[in-house]
Amino acid sequence: MSLRVEKVCELIRRELGTIIEKDFRIENCFVTIHEVSVTPDMRQCFVYVGVLGKPHQQEAAVEKLNKARGHLQRDLYKRVKLRCSPLLYFRLDKTVERGVPLLNIIDNLPPPLPDLPADEGQDGAQTSSAK
């Protein structure tokens, strides 16, 4: 990804987050933008959102964002001036939900064994070579 595309992604993520926070309400859910990915030709923009809520509320929130895409795009491109304004596509990002069980597994691992002193390892090698 080129530096320009990275800058555009970050700018869209920041401005779109502000617009959703101020002007867009979703009942009983908390929506955050995790990542924005723009195609190299700047025609499409995939917005990966995380939704805190029940599973049916998550799908409904993403569907509501996709339905309000025109309004969100218009507000976004008033703030962000680009030669070609990419079309927004909202997708549900479940990486946090997949990461929590992995963190629980890591937290439940037994503590590591203590390291053996370096002298014991060398003594064992000397005794085996002496035989």
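Which residues line the largest pocket? Select Gly 17, Ile 20, Glu 21, Phe 24, Arg 25, Ile 26, Cys 29, Phe 30, Val 31, Thr 32 and Ile 33, and you have the lining on screen.

Before moving on, some housekeeping. This is a predicted model, where local features need pLDDT of at least 70 and side-chain atom pairs count only at pLDDT 80 or more, while totals for chains, interfaces and linings use all residues. Residues are numbered from 1 along each chain as its sequence is written, and side-chain values use heavy atoms, with hydrogens and water left out.

**Stop 1: the largest pocket**

Stay with that selection. A pocket here is an open set of points on a 1 Å grid over the protein atoms alone, where a 1.4 Å probe fits, with protein on both sides within 12 Å along at least five of seven lines; lining residues have an atom within 4 Å of a point. The space in this one comes to about 270 Å³, a volume being the space filled by probe spheres set on the points, with grid points joined across faces, edges and corners.

Now colour by secondary structure: helices (H or I, at least four residues) and strands (E, at least two) are DSSP runs, numbered from the N terminus. Both α1 (3-23) and β1 (30-38) supply at least two lining residues each, and β1 gives the largest share, four residues. By class the lining has seven nonpolar, two polar and two charged residues. In that scheme Ala, Val, Leu, Ile, Met, Phe, Trp, Tyr, Cys and Pro are nonpolar, Asp, Glu, Lys and Arg are charged, and the others, Gly among them, are polar.

**Stop 2**

Pick Asn 28, in the loop between α1 and β1. Its phi is positive, about 60°, although it is not a glycine. Most residues other than glycine have a negative phi. Is Asn 28 buried or exposed? Asn 28 is exposed, at 64% relative accessible area; the cut-offs are under 20% for buried and over 50% for exposed, with partly exposed in between (1.4 Å probe, protein chains only).

Next, jump to Met 42, in the loop between β1 and β2. Met 42 also has a positive phi of about 60° without being a glycine, but this residue is buried, with a relative accessible area of 7%.

**Stop 3: the strands**

Show β1 and β2 (44-52) together. They run antiparallel, joined by eight bridges; two strands pair if DSSP finds at least two bridges between them. For a landmark, find Val 38, opposite Cys 45 in β2. The hairpin has five residues between the strands, Met 42 being the one with the positive phi.

How do β2 and β3 run, parallel or antiparallel? They run parallel, with six bridges between them. Here Val 49 stands opposite Leu 92 in β3.

**Stop 4: the nonpolar core**

Select Leu 16, Val 38, Val 47, Val 49, Leu 65, Leu 72 and Phe 90, which touch the most other members of the 29-residue largest nonpolar core. Such a core is a set of buried Ala, Val, Leu, Ile, Met, Phe, Trp, Tyr and Cys residues joined through side-chain atoms within 4.5 Å.

Zoom in on Leu 16. Beyond its neighbours within four places in sequence, Leu 16 is in contact (heavy atoms within 4.5 Å) with Ile 33, Val 47, Leu 72, Leu 76, Leu 88 and Phe 90. Leu 72 and Leu 76 are among the buried residues of α3, along with Gln 73, Asp 75 and Tyr 77. What covers them includes α1, α2 and β3.

**Stop 5**

Finish with Gln 58 in helix α2 (residues 55-67). Gln 58 is buried, with a relative accessible area of 5%. Not counting residues up to four places away in sequence, Gln 58 touches Val 51, Gly 53, Leu 92, Lys 94 and Glu 97.

Keep Val 51 and Glu 97 highlighted: with Gly 50, Leu 52 and Val 96, they lie nearest the centre of the second largest pocket, which is lined by 13 residues. The space in this pocket is about 170 Å³. Its lining divides into five nonpolar, five polar and three charged residues, with β1, β2 and α4 (95-107) each supplying at least two.
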